[in-house]
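Please keep the sequence and the three-dimensional view at hand while reading.

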Amino acid sequence: IAKVQTIGIAKRYGGTTALEPTELSVQAGEFLTLLGPSGSGKTTMLQMISGLIEPTEGRMEIDGRDVTDVAPGKRDIGLVFQSYALFPHMTVWDNVAYGLRMRRMARRELRVAVDAALTMVRMNEYARRYPRELSGGQQQRVALARCFAYRPSVILLDEPLGALDKKLREHMQGEIRRLHLELGATFIYVTHDQDEALTLSDRICLMNQARVEQIGTPADLYDRP
Ligand code: ADP
Ligand code: ADP
């Protein structure tokens, strides 16, 4: 688990401001949600935390270490997107193993890591299946396992349930809460769904027009438990 801090981080594309300079401090082990309408800068913020896009200005720290110039793969951060982006020609097991193989993890250690990650998302029985044989919810579980297999200290999730129908989405919200507790990692979650943010979050960061409008617990922001 790790603390994440953005120090005046901002992004501009020519004349367009995707994110105004932002100070955000996410506590180690916290579940923080970026909530706001489309175009408010949520994905931009998440991508800068991941390192996939470079800030126009500002700095990023993880546990007090400046990672502004550290490559995405070396930030101890895991990413899960709305599109599961599984490799269609690989089994579930190989999809989860792929990144660990790229990192040259030893074979025995790799097997343990993949099996543990699949168990965590309750997809062990599907290890030999292919993505096309799975439902959307199952595919998203595999995408989560692929991220968890690394045991990153910080996990970034960009609308991971956005492609699922309402019932499955609600079920997976419960699963994501369970996984947050089980992993003990810091979660930063993007959604435009207020109910989802209220259900999941320790704190919500309300975004609008490329700015953070408010940060607080669900109770602080909505006078709800
Ligand atoms: P959200 O995730 O809240 O929907 P984004 O972070 O994707 O918002 O986008 C914030 C703003 O930045 C939007 O106005 C969007 O059009 C703009 N933007 C994002 N990426 C780019 C880009 N690559 N080039 C130009 N403008 C961009
Ligand atoms: P390698 O040939 O890369 O050394 P292994 O001998 O560990 O890999 O496994 C060969 C293949 O068997 C893997 O690519 C994977 O498809 C499959 N496999 C290994 N372990 C499991 C498992 N626990 N469950 C399902 N499939 C597995």
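## The surroundings of ligand 1

How far does a backbone N or O atom of Gly-41 lie from an oxygen atom of ligand 1? The separation between a backbone N or O atom of Gly-41 and an oxygen atom of ligand 1 is 3.0 Å, a value that, like the others in this report, is computed from a predicted model. An oxygen atom of ligand 1 is also found 2.7 Å from a polar backbone atom of Gly-39, and an oxygen atom of ligand 1 is 2.8 Å from an N or O atom in the side chain of Lys-42. On its own, ligand 1 has 560 Å² of accessible area, of which the protein covers 59%.

The residues around ligand 1 are Tyr-13, Ala-18, Pro-37, Ser-38, Gly-39, Ser-40, Gly-41, Lys-42, Thr-43 and Thr-44. Sorted by class, this shell holds three nonpolar residues, six polar ones and one charged one. The greatest contribution to the shell around ligand 1 comes from helix α1, which spans residues 42-50 and supplies three residues.

## The surroundings of ligand 2

Around ligand 2 stand Trp-93, Asp-94, Arg-101, Arg-107, Arg-111, Asp-115, Ala-127 and Arg-128. Two helices, α2 (92-102) and α3 (107-120), each provide at least two residues of the shell around ligand 2.

An N or O atom in the side chain of Arg-101 is 3.1 Å from an oxygen atom of ligand 2, and a polar side-chain atom of Arg-107 lies 3.0 Å from an oxygen atom of ligand 2. For Asp-115, an N or O atom of the side chain is 3.3 Å from a nitrogen atom of ligand 2. Of the 540 Å² of accessible area that ligand 2 has on its own, the protein covers 59%.

Helix α3 consists of 14 residues and reaches 20 Å from its first C-alpha to its last, which is close to the 20 Å expected at 1.5 Å a residue. Its buried residues are Leu-110, Ala-113, Val-114, Ala-117, Leu-118 and Met-120. These residues lie on the same side of α3 because they cover an arc of only 160° around the axis. In general, an α-helix has 3.6 residues a turn, so residues three or four places apart point the same way.

Which exposed residues are carried by the face of α3 turned away from its buried side? On that face, α3 carries the exposed residues Arg-108 and Val-112.

## Two loop residues

Thr-91 has its place in the loop between β6 (77-80) and α2. With a relative accessible area of 13%, Thr-91 is buried, since residues under 20% are counted as buried. The side chain of Thr-91 reaches the backbone nitrogen of Asp-94 at 3.1 Å, and Asp-94 is itself one of the residues that surround ligand 2.

Asp-193 is found in another part of the chain, in the loop between β8 (186-191) and α6 (194-200). Asp-193 is partly exposed, with a relative accessible area of 21%. Although Asp-193 and Pro-37 are 156 residues apart along the chain, their C-alpha atoms are separated by 8.7 Å, and Pro-37 is among the residues around ligand 1.

Conventions: Residues are numbered from 1 along each chain as its sequence is written. Chains are lettered from A and ligands numbered from 1 in the order in which they are written. This is a predicted model: local features need pLDDT of at least 70, side-chain atom pairs count only at pLDDT 80 or more; totals for chains, interfaces and linings use all residues. Side-chain values use heavy atoms; hydrogens and water are left out. A residue is near a molecule or strand if one of its heavy atoms lies within 4 Å of it. A polar contact is a pair of N or O atoms within 3.5 Å; within protein, one must be able to donate a hydrogen and the other to accept it, and residues adjacent in sequence count only if both atoms are side-chain atoms. Accessible areas come from the Shrake-Rupley method with a 1.4 Å probe; for residues, only the protein chains shown count as cover. Helices (H or I, at least four residues) and strands (E, at least two) are DSSP runs, numbered from the N terminus. The expected span of a helix is 1.5 Å times one less than its number of residues. Buried means under 20% relative accessible area, exposed over 50%, partly exposed in between (1.4 Å probe, protein chains only). The arc is that of the directions from the helix axis to the C-beta atoms. Ala, Val, Leu, Ile, Met, Phe, Trp, Tyr, Cys and Pro count as nonpolar, Asp, Glu, Lys and Arg as charged, and the others, Gly among them, as polar.
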